[in-house]
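Hi,

Here is the structure I promised to pass on. My notes on it follow below.

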Amino acid sequence: MTTPMDHADVVRWIAVPQPSRIALHGGRWRPPTVRVRADDAAFEAEASRIERELADAGFELGDDSTIRIRRGDAVGSPEAFGIAVGDDIEITADAAAGVFRATRQLLHNLRAQGFVPRGLARSAPAVRERGLHLDAARKHFPAAWIRQLLHALADIGVNTLQWHVSENEGFRIGSSAFPEIVSAEHIARDDARAIADLAADLHIDLIPSLDMPGHLQHVLDQHPEFRMPPGGPLSERALDITDPDAVSFALALIDDLAPLFPHSTHWHLGGDEFVDFARIDEYPTLRAAARERFGPTASGFDLLTGFVDDVAAHLRGVGFAPRVWNDGMLRGTAATLDTDITLTWWTNWHDAMRPVQAGLDAGHDLMNFNDGLFYHVLGEKAGYTYPTLQRIWDADWHPGLFPALPDGTRQEIPAPYPPQLRGASFSIWCDDPDAQTDEQVLTGIRLPLRAMAERAWNGGSTLTLPEFAEIDERISTVGGTICFP
């Protein structure tokens with residue numbers, strides 16, 4: 001990679017994420033006028049998009065230069081691309097998502113330095129997903145803010161947004177079937193559909209996150225008949241999974257929201273912190289129901305596994321691939337978690353939680369949510385501190401580096417990554433919703449989120465920390481104002 005940052009007059013490729021390979025030839029592309037041509041009908045929408053964006057950047061339409069978009073040999077991923085910059089620019093890709101990623105590279109250079117360096121750039125992501133989880137349940141984020149966030153994610157190659165709409169403190173999306181559970185501040189259903197359409201247009205998979213059977217206190221306050229009987233920690237927050245009517249209610253919640261996500265391919269059903277897992281044997285109704293369903297050795301973990309499998313089957317039936325948090329999974333002895341459920345691996349804080357290798361051995365796809373580096377918890381609650389660029393670079397993080405075990409044992413999947421490692425995600429959790437304003441949240445996540453995007457796309461980074469920080473600042477400056485587009 002050719003990006004030494006020690007001389008201001010050196011022509012550099014300034015973009016996040018950095019392309020996998022760059023060969024600069026010297027010289028700058030900044031013609032007086034430009035046209036955009038797509039050689040394939042599948043790319044016409046992206047050609048129109050970049051033409052509009054170039055007009056916004058001050059270009060006029062004309063024949064001094066052409067950006068030609070064609071189907072080419074950018075293989076390996078729908079997001080892979082090639083860029084050749086001379087008097088004209090040629091973009092090659094096999095899918096519209098790859099064209100979109102390439103045009104973001106052009107816009108970053110124009111935003112940072114007013115030109116695109118002449119040369120060749122080729123790139124493909126090391127993992128399929130680079131994500132952000134947004135807790136929009138504890139804290140209400142307006143629809144306009146979520147749309148702004150989507151543009152910011154698309155700008156840096158983040159291609160999933162996990163939208164967490166329900167928590168103990170609130171239910172923040174409109175419901176037709178159960179209007180009584182909806183918080184006063186929420187996203188209306190029409191606005192939710194518009195957000196889903198925008199995400200699809202920006203090549204972002206919008207993943208609904210409706211946590212169950214735990215984290216449901218707000219919903220269960222309106223429907224206490226479906227709450228677990230008292231008798232153990234967190235019972236007031238938990239669905240009674242021993243009651244078929246309560247399980248049917250949970251599935252009806254899914255059915256009510258599913259039409260709002262017509263483009264989505266995945267759904268996160270939660271499964272975490274259902275009860276105090278360290279004291280699960282103190283819930284006699286769980287143990288009794290588990291043994292009735294799975295046999296005399298079954299525990300509450302087996303009943304939780306059975307519930308997750310049942311919800312996952314329902315999700316498949318309405319068109320979604322299921323996901324679940326890792327902390328309570330793979331801990332039963334009589335029930336087996338369906339292997340097509342993706343495990344979103346956020347922690348190994350307790351020594352009874354199964355290690356990452358157990359998820360791999362059981363055949364599950366994994367998403368790395370490394371809470372030690374990528375949890376932006378408002379108010380820095382539960383022992384978390386806000387993620388920083390320094391910590392990410394000091395850890396030399398890459399998508400295969402998971403949270404360590406309690407004894408400090410490193411958990412790492414080395415590159416080249418197996419297909420089971422789908423990707424990695426940053427997370428915003430709003431434990432103290434008033435600790436930051438909406439704009440402070442955007443400002444606070446900008447650097448570490450971009451760092452995750454860079455290192456997840458490239459399986460690490462060849463940039464030094466100062467080099468990356470300079471790129472971040474330069475692509476964040478428009479008209480002298482620092483921004484997160």
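Threonine 305 sits in helix H8, residues 300-317 (helices are DSSP runs of H or I of at least four residues, numbered from the N terminus). Leaving aside residues up to four places away in sequence, threonine 305 touches Ala335, Thr336 and Leu337 (contact is heavy atoms within 4.5 Å).

Before you go further: this is a predicted model, where local features need pLDDT of at least 70 and side-chain atom pairs count only at pLDDT 80 or more, while totals for chains, interfaces and linings use all residues. Residues are numbered from 1 along each chain as its sequence is written, and side-chain values use heavy atoms, without hydrogens and water.

On confidence, the chain averages a pLDDT of 95, and 96% of the residues score at least 70 (pLDDT is the predictor's confidence in each residue, from 0 to 100). Over residues 1-8, though, pLDDT stays under 50.

Then there's a helix pair. The axes of H12 (residues 438-458) and H13 (residues 465-475) come within 11 Å and cross at roughly 115 degrees (axes are lines fitted to C-alpha atoms over the stretch in contact, and angles run from 0 to 180 degrees between N-to-C directions). The contact is made by Arg446, Leu447, Arg450, Ala451 and Glu454 of H12 with Phe468, Asp472 and Ile475 of H13.

Cheers

Technical notes. Helix = DSSP H or I, 4+ residues; strand = E, 2+ residues; numbered from the N terminus.
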